[in-house]
Amino acid sequence: MDQAVARPRRRRGRSARLAERAAPPAADERAVWPGLTGGRYRPLSEADEARVHEAVMRLVEEVGFAGAIPPMVERVTARGGWVCEHGRLHFPRALVEDVLARCRKSFVAWGQTREHDLEIAAGRVHLGSGGASPNIVDLETGRYRGATLGDLYDVARLVDTQPNIHFYDRSLVARDVEDVRAFDLNTAYAILSGTAKHVGTSITAADHVEDVVALFDAVAGGEGRYRRRPFAMLLSCHVVPPMRFAEEALRAIEKAVPLGMPVMLVSAGQAGATAPVKLAGAVAQALAEALAGLVYCNLIDPDVTVVAGPKPIVSDLRTGAMCGGSGEQAVVAAATAQMARAYGIPCSVMAGITDSKIPDAQSGFEKAYTVTLAAQAGCSMITQTCGMQASLLGLAMEGYVIDNDMLGAILRTVRGVEVDDESLSVETIRDVVLGEGHYLGHAQTLANMTRDYLYPTVADRLSPSDWEERGARDIRERARDEVRRILARHFPRHIDDGTDTRLRERFPIALPRERMSPAS
């Protein structure tokens, strides 16, 4: 029956077949999807895991943390913690292990629309953006310039169209918004307007938290609506490594958690500078910093949604500069993700933060192995996987399109090879060798063209002669054209005009409405 269905397709015109194959596959026909299970790559042995855990517990209990704010001190000391003569807050091992045992292990990272909901659970891999870069590589000139609020919105629109970028953590700092409160509100507005996917945003000051949550409520349709489906996560750099809390970030957490905000706790010590030069030590310190934040959030609300973000970064020890595209960066991120999986907690690491200034060959290979190892280690939410350049000091829009192809291929490696009677294909092989002698027109081949195989958008698979006939254009040129096409046409309307008008009446929205339509 399958062959009888497939044969009429083969009689259709070539252009019709090509158009059909170019269309995005239905959800149940895709070769890759959000939440594929990783964890095959384990750079640490079981004995290594135990030793790292022991080091983490010694750090939180014996070394402790500077910079704790009074509410944190009160909560931790009430559960057996103490402040030493050096003013450092110490977390008892028993308290940390108790929180690890009972904290939330899975949750839904809600989208503004349901098709973008992500199930965050053990080993399920999701790929997203991030970076908070102050600069962007101008699409037309190819030169670096300061990022604007319009750029932030445009990147969100771009991410909204890329199937292998599952969530959008804000990737740019809008340097044209100077007032700090307006900055926080406009950052949230721009990313929420540009994509219906789950988003992450930072909040600069604790006093702005209620305003930002009020904006979320207004987007969701009324007071308290955001809490039911929290589609935006607080990105909190709650520590200033080594082992010192960021006081304003803690105050923001104190206000955000009771309002129902999920929190991603980011610890980004730089090996050889603000973290130990030895990779195992960098992993242990980052985990200790992340777990201290996890304990704090759970003492505020035992039902809080937390993503632990131990994100150690590697340095080039010749200069002290961050080198996010190194092999050391790839393995330290994977080891950190492995430890988080051993604890059973949702985690986030950074991968894809190439040192190259533009999307070139260096950018490609540095992103590919760093993201691959983190994904194969089973990290829950990998950030900075796309678009970022120059060790997070720049962003290239065409990079999102190029990297979307890369991320799809990486996800296909995470999916691996399914083995069952149908996939082993014994009867199909029998049909072919006793029949036409090839698999090109077989029903199994036609049925699995999109289920098992992923096709790139801008990566080139032409023969050299066909490539030359079409202008011999490289991937960056093709990707720029794709970005121009998307930005000219894709203006999301998941926030309706009436809601947008009410947002503008209530909040100091700086992005002109006319900038958000094809007429622009």
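Is D151 buried or exposed? In this predicted model, D151 is buried, because its relative accessible area is 5%, under the 20% limit for that class. Its side chain meets that of R145 in a salt bridge, and R145 counts as partly exposed at 30% relative accessibility.

**Salt bridges**

Let's stay with charged pairs for a moment. Side chains of opposite charge can pair when their charged atoms come close. The count here comes to 32 salt bridges, and the table shows some of them.

| Pair | N to O distance | Relative accessible area |
|---|---|---|
| D151 and R145 | 2.8 Å | D151 5%, R145 30% |
| R251 and E247 | 3.9 Å | R251 37%, E247 38% |
| E482 and R485 | 2.8 Å | E482 17%, R485 37% |

R251 and E247 both belong to helix α10 (residues 247-256), and because they are four residues apart, about one helical turn separates them. R251 is partly exposed, and E247 is partly exposed as well. Helix α19 (residues 475-489) holds E482 and R485, which are three residues apart and so also separated by about one helical turn. E482 is buried, whereas R485 is partly exposed. Beyond these pairs, salt bridges link E140, R473, D481 and R484 in a network.

Now to the strands. An open sheet is built from five strands in the order β9-β10-β11-β12-β13, with parallel pairing. At its edges are β9 (168-169) and β13 (306-310), each of which pairs on one side only. Five bridges join β12 (residues 263-267) to β13 in the parallel sense, and V263 has V306 of β13 as its bridge partner.

Helix α11 (residues 279-300) lies across β12 and β13, and runs at about 160° to β13. One of its residues is V283, which counts as buried because its relative accessibility is 4%. Which residues does V283 touch, leaving aside those up to four places away in sequence? They are V52, V332, A335, T336 and M339. V283 and A334 are 51 residues apart in sequence, with their C-alpha atoms 9.9 Å apart in space.

**A nonpolar surface patch**

V417 is exposed because its relative accessible area is 75%, over the 50% limit. Together with V419, L424 and V426, V417 makes a nonpolar surface patch of about 430 Å².

Technical notes:
Residues are numbered from 1 along each chain as its sequence is written. This is a predicted model: local features need pLDDT of at least 70, side-chain atom pairs count only at pLDDT 80 or more; totals for chains, interfaces and linings use all residues. Side-chain values use heavy atoms; hydrogens and water are left out. Two strands pair if DSSP finds at least two bridges between them. Helices (H or I, at least four residues) and strands (E, at least two) are DSSP runs, numbered from the N terminus. Contact means heavy atoms within 4.5 Å. Axes are lines fitted to C-alpha atoms, for helices over the stretch in contact, and angles run from 0 to 180 degrees between N-to-C directions. Buried means under 20% relative accessible area, exposed over 50%, partly exposed in between (1.4 Å probe, protein chains only). Patches are made of residues with over 30% relative accessible area and no salt bridge: like charges are joined within 9 Å, nonpolar side chains (Val, Leu, Ile, Met, Phe, Trp, Tyr) within 5 Å. Accessible areas come from the Shrake-Rupley method with a 1.4 Å probe; for residues, only the protein chains shown count as cover. A salt bridge is a side-chain nitrogen of Lys or Arg within 4 Å of a carboxyl oxygen of Asp or Glu.
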